[in-house]
There are 2 protein chains.
Amino acid sequence: MCEAELDMSTFENRQFRLSARPAGMVKRSDFEFVTTPAADPGPGEALVRVQYLSLDPAMRGWMNAGRSYIAPVGIGEVMRAGGIGRVVASNDPGLAVGDTVVGMTGVQDYAVVQAKTMVKVDPRLAPLPRFLGALGMPGLTAYFGLLDIGQPKEGETVVVSAAAGAVGAVVGQIAKIKGCRVVGIAGGPQKCGYVTDELGFDAAIDYKSEDVRAMLAQHCPKGIDVYFDNVGGEILDIALSLLAMRARVIICGAISQYNHPESIAGPRNYLSLLINNARMEGFVVFHFAARYAEGMQALAGWVLSGKIKAREDVVDGLESFPDTLQRLFRGENFGKLVLQVSAS
Amino acid sequence: MCEAELDMSTFENRQFRLSARPAGMVKRSDFEFVTTPAADPGPGEALVRVQYLSLDPAMRGWMNAGRSYIAPVGIGEVMRAGGIGRVVASNDPGLAVGDTVVGMTGVQDYAVVQAKTMVKVDPRLAPLPRFLGALGMPGLTAYFGLLDIGQPKEGETVVVSAAAGAVGAVVGQIAKIKGCRVVGIAGGPQKCGYVTDELGFDAAIDYKSEDVRAMLAQHCPKGIDVYFDNVGGEILDIALSLLAMRARVIICGAISQYNHPESIAGPRNYLSLLINNARMEGFVVFHFAARYAEGMQALAGWVLSGKIKAREDVVDGLESFPDTLQRLFRGENFGKLVLQVSAS
């Protein structure tokens with residue numbers, strides 16, 4: 001028995017389907033843009049009108065064949081993406097028409113979802129795109145990665161790359177809440193100014209115009225206790241060369257490397273781990289799923305009280321998806337990159 | 001007031017002094033071989049007749065300029081080395097003539113040492129070279145690295161490279177004692193046979209003749225829980241690609257990389273840490289100095305009861321030092337490599 005707003009077969013559903021495994025940078029021709037009627041939700045399912053989609057670095061990895069923490073998107077399948085939207089039909093007692101839900105919707109207008117995989121949120125608490133950023137997976141990634149893996153202590157020096165990004169901005173602000181000295185690395189004076197002036201980091205380094213090694217050494221005179229890495233490549237190598245004893249390096253991502261998966265640069269300075277009895281640890285936020293409620297509660301408290309500031313970069317139009325995703329890998333977004341599919 | 005066997009100035013002391021920072025493989029011309037009279041021990045010092053020297057991969061790093069966990073050996077200084085020997089003169093109440101001591105002696109016949117930096121051992125317990133191997137720093141390195149950093153659990157799969165080497169052999173045997181499945185990687189059928197037949201590993205892979213990736217995958221069907229790395233390079237990369245969830249990678253050394261410090265290969269597969277929520281942690285045994293007594297007690301118990309077997313490769317003649325050290329980097333030694341300086 002299905003509760004619905006309207007006759008669903010009248011909904012045109014535009015979808016981006018993966019049509020080729022990208023070589024190098026993802027491009028429009030790696031996708032097919034098709035229109036089909038929205039499907040009916042089966043038992044335990046709901047139909048969601050997608051309003052905003054989260055564009056994340058991890059999406060590039062999902063397009064590659066091969067072993068990872070999650071199966072690759074199949075050729076011909078709707079491109080995987082997290083999203084937020086409104087339930088327009090439900091075939092599950094757990095969701096009602098009108099509910100606002102967050103979860104994996106895919107890059108499309110209407111998603112048939114397993115009701116139990118979606119999280120209901122209160123749309124009055126924050127603008128919807130924020131539930132894909134500081135109040136969503138990026139926020140949880142920052143929370144568990146910094147606190148559980150990094151274990152920062154008061155007075156320690158925390159460095160974070162992609163500091164103006166969805167994850168990095170929250171990492172640095174949580175580190176400040178915990179009493180750490182925080183140095184961010186970001187691209188361009190606008191992002192660096194945001195990181196220090198609005199987010200309250202102690203310092204920011206512009207990797208596009210400054211000597212990252214020299215500036216990091218200057219801002220971290222006692223070495224780096226916690227390095228939260230979102231970028232990999234040369235910046236990871238520089239950070240490794242400046243570790244303090246018993247430092248923790250958190251491998252959250254490697255956006256500089258994702259578009260050439262066949263020639264990933266390994267961290268040449270990894271023997272700094274040996275010299276400094278230091279640790280490099282990776283994680284995927286999905287493995288903390290059992291503790292999402294704890295993380296969300298903490299993040300919501302900080303965001304709603306203003307201790308954590310958030311910024312989203314909202315681009316309008318589902319049809320722009322491939323081009324908007326490229327902006328992410330070129331570092332052109334300023335704040336959590338969100339694609340608006342429908343304002344209502 | 002100095003207690004002595006003989007007039008020390010009659011002792012001819014041959015020394016290898018570092019004369020150049022090696023480029024690539026260490027070679028004889030990087031050292032000066034000189035003969036001087038043995039010096040008198042000052043207050044708090046003793047004069048030790050060096051009997052055996054430990055030749056270790058770490059020695060290559062000590063020859064490089066630059067930041068590390070220990071100052072580099074200065075040009076013109078006696079090459080640093082651990083050794084065991086007999087006290088022939090003492091100017092400290094803590095050591096008596098005739099005591100057998102282990103510590104940093106340098107590559108020479110006679111060493112003036114700070115008495116408090118030396119550890120007295122009972123030469124009746126084991127052949128002297130063993131105090132430089134399973135009952136010395138390599139044994140302690142294996143003990144703290146595997147147990148403290150690796151934290152192996154019963155039933156887990158432990159992989160160790162340089163498995164027939166001084167550290168690797170002890171790592172694997174401790175892992176067996178702890179109830180793990182143990183796979184060793186070593187060079188050549190003789191070392192591989194030793195590892196399985198004498199040391200009791202479950203399997204050994206000959207990296208010189210076998211497909212390490214295929215054999216590791218076969219011997220570790222559930223993935224690698226603990227990888228103890230002594231070699232770096234390609235084998236580290238292969239191990240990373242086969243990690244189990246929440247695996248621990250222990251970075252103990254990188255002998256494959258030490259002779260080209262300017263072009264160290266970073267682990268290209270480090271993002272396996274992310275996919276598997278895994279950890280890579282380095283260490284230097286010196287940082288466990290406060291717990292050496294605990295480690296020595298455990299190791300002595302296992303060695304004396306036969307639970308840990310040890311093998312030394314003893315080469316005679318101080319004068320052969322540079323050539324014997326090269327054998328280590330070419331993997332030609334079989335067992336802990338020890339240089340005999342004087343049998344008595």
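Biologist: Which residue of S14(B) does Glu281(A) stand opposite?

Modeller: Glu281(A) stands opposite Arg279(B) in S14(B). Before going further, note that this is a predicted model, in which local features need pLDDT of at least 70 and side-chain atom pairs count only at pLDDT 80 or more, while totals for chains, interfaces and linings use all residues. Residues are numbered from 1 along each chain as its sequence is written, and chains are lettered from A and ligands numbered from 1 in the order in which they are written.

Biologist: In which sense do S14(A) and S14(B) pair?

Modeller: Two strands pair if DSSP finds at least two bridges between them. Helices (H or I, at least four residues) and strands (E, at least two) are DSSP runs, numbered from the N terminus. Here S14(A) and S14(B), the latter residues 279–282, pair in the antiparallel sense over three bridges.

Biologist: What rotation superposes chain A on chain B?

Modeller: Two copies of a chain are related by a rotation about an axis and a shift along it. The superposition is by least squares on the C-alpha atoms of residues with pLDDT of at least 70 in both copies. In this model the rotation is 180°, with 0.0 Å of shift along its axis and an RMSD of 0.0 Å. The two copies are therefore related as by a two-fold rotation axis. In chain A, the C-alpha nearest the axis belongs to Gly266(A), 2.1 Å from it.

Biologist: How many residues of chain A are in contact with chain B?

Modeller: Two residues are in contact if their C-beta atoms, placed from the backbone, lie within 7 Å. By that rule, 23 residues of chain A are in contact with 23 residues of chain B. The largest share of the side of chain A that touches chain B, four residues, comes from S14(A).

Biologist: Is S10(B) mostly covered or mostly open?

Modeller: A residue is buried if 20 or more other C-beta atoms lie within 10 Å of its own, exposed if 12 or fewer, and partly exposed in between, with C-beta atoms placed from the backbone. S10(B), residues 181–186, is mostly covered, with six of its six residues buried. Arg181(B), Val183(B) and Ile185(B) lie on one side, and Val182(B), Gly184(B) and Ala186(B) on the other.

Biologist: Which strand pairs with S10(B) over five bridges?

Modeller: S9(B), residues 157–161, pairs with S10(B) in the parallel sense over five bridges. Val160(B) stands opposite Gly184(B).
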